[in-house]
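I opened the model to go through its strands, its surface and its confidence. My entries follow the display.

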Amino acid sequence: MNNQDATILIVEDSPTLALTYQAYLKPLGHEVLIAETGSDALDKIAKFDPPIIFLDLKLPDMDGLDILRLLKKEGSKAQIIVITAHGSVAIAVEAMQEGASDFILKPFNADRLSTTAKNALEIYRLASLVEKYEGQKPKNLGRFIGDSSAMKAVYRMINDAAPSKASVFVVGESGTGKELCAEAIHQTSPRADKNFVALNCAAIPANLIESEIFGHKRGAFTGATEDREGAALRANGGTLFLDEICEMPMDLQAKLLRFIQTGQIVPVGSNITQTVNVRFICATNRLPWEEVLAGRFREDLYYRLHVIPIHLPPLREREDDIIIIAENLLKRYSTEENKTFDGIHKSAKRRLKEHSWPGNVRELGNVIQSAVVLNNGPLLTGEMLNPLIGPSRPTANNYIRAAHSNITKASTDIIASPKNADDIWPLALSEKKIIENAIEVCGGKVRLAAKKLDVNPSTLYRKIKSWE
């Protein structure tokens, strides 16, 4: 579907608010339908199949969550944005689990609603492209290595997002390759012949970040001995990558928002504006929406930047790629160190697959480099790796025992440790039971359960959603 022909449905029981939202969205040039009840909404969804739905949770004839569940069960591809005055973290999480793509609280202004609609339309367009090319094998991009299903999905998102001007928000644990993802988007985009400028917001002192982004004039502050171009000006025509964006101070977030809205910057110590044209890519190892809820990240900035979200899977979810990456790294470091390594022994492959890799690809690279420096080839063996990496990743058997002793002592129905082969549960089912028990013991707090299980909360949310 052409985004210009897209229909937007507003499900809101207040006629005044519904007409107001309709007026807010009118400048976008799309047909905007209104439904005041749940049954009317379902009729319009069946008839018009709108790609974008703004859904109030409190309706006179049914709960908005029931509509979410029904659409999810039917496999609807619509981007559903929940709008409600009865907002809470619990409701937001439940709505997301039931298939909502976004969540906004009343009251909100026209700019907020139209920005959300434009973001949802872009995501719908990209999702349609991903589905269209699902059966095609994408090529590795940039410096990424791997052919697992999880990485194929990332490659498709990069290929589809690259031609767009929309901002991209890359989320993933430390060491998963967020900057590599940003570089790949830039290199695949029409801006590839311009600069790619990366800035780590967590590595720069708070009082210098503004100068790093916008530049400064001589004498603007102590130590400013000459004029200096900022990252925004250096990236003009190209891509500006802001890593660890959630570490940015709140006052600077307001200035960044103004830059995004106007395309204009003012160097520190100057009163002259300069116009620049950059494509924004941001990254964080946190959960952006939770940072918004915690008051550490501006909600309006979130909606400007979080247009195309890309999630980079941790290495432990890319088991098929671990050996491929390790072999590539072994070859590189062996050449750099003038060593004779030319392969990985099966004992080392087994050891690499058993480790949980909390530091992801960065940790794997460190381990391989250390092994090359400290040993001689021709084969990398398990004995060489043992002093360099931590405990093995739990298998089905010891994973259950660990859960028994550390997580679910208070639970009476945890899976028993198998006494013989017939007692062993499938790993996926064992994992599901362990996670469910951990959440129960933690009083339903998914983030606390994730912390106890030593995984990212987004991993648990994703698994919970897949079970449904």
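**Notebook: sheet and confidence**

I looked up Val82 and found it opposite Phe103 in E5. The model is predicted, so I noted the terms: local features need pLDDT of at least 70, and side-chain atom pairs count only at pLDDT 80 or more, while totals for chains, interfaces and linings use all residues; pLDDT is the predictor's confidence in each residue, from 0 to 100. Residues are numbered from 1 along each chain as its sequence is written, and side-chain values use heavy atoms, with hydrogens and water left out.

I then traced strand E4 (residues 79-84), which four bridges join to E5 in parallel. Strands here are DSSP runs of E, at least two residues, and helices are runs of H or I, at least four, numbered from the N terminus. Two strands pair if DSSP finds at least two bridges between them.

I read the order of the open, parallel sheet as E2-E1-E3-E4-E5. Its edge strands are E2 (31-35) and E5 (102-105), each pairing on one side only. Neighbouring strands are turned by 20° against each other on average, direction ignored; axes are lines fitted to C-alpha atoms, for helices over the stretch in contact, with angles from 0 to 180 degrees between N-to-C directions.

I found helix H2 (residues 38-48) across E1 (7-11), E2 and E3 (52-56), at about 145° to E2.

I checked confidence last. The protein averages a pLDDT of 85, and 87% of the residues score at least 70. Over residues 394-414 pLDDT stays under 50. Where pLDDT is low, the predicted coordinates should not be read in detail.

How values were computed: Contact means heavy atoms within 4.5 Å.
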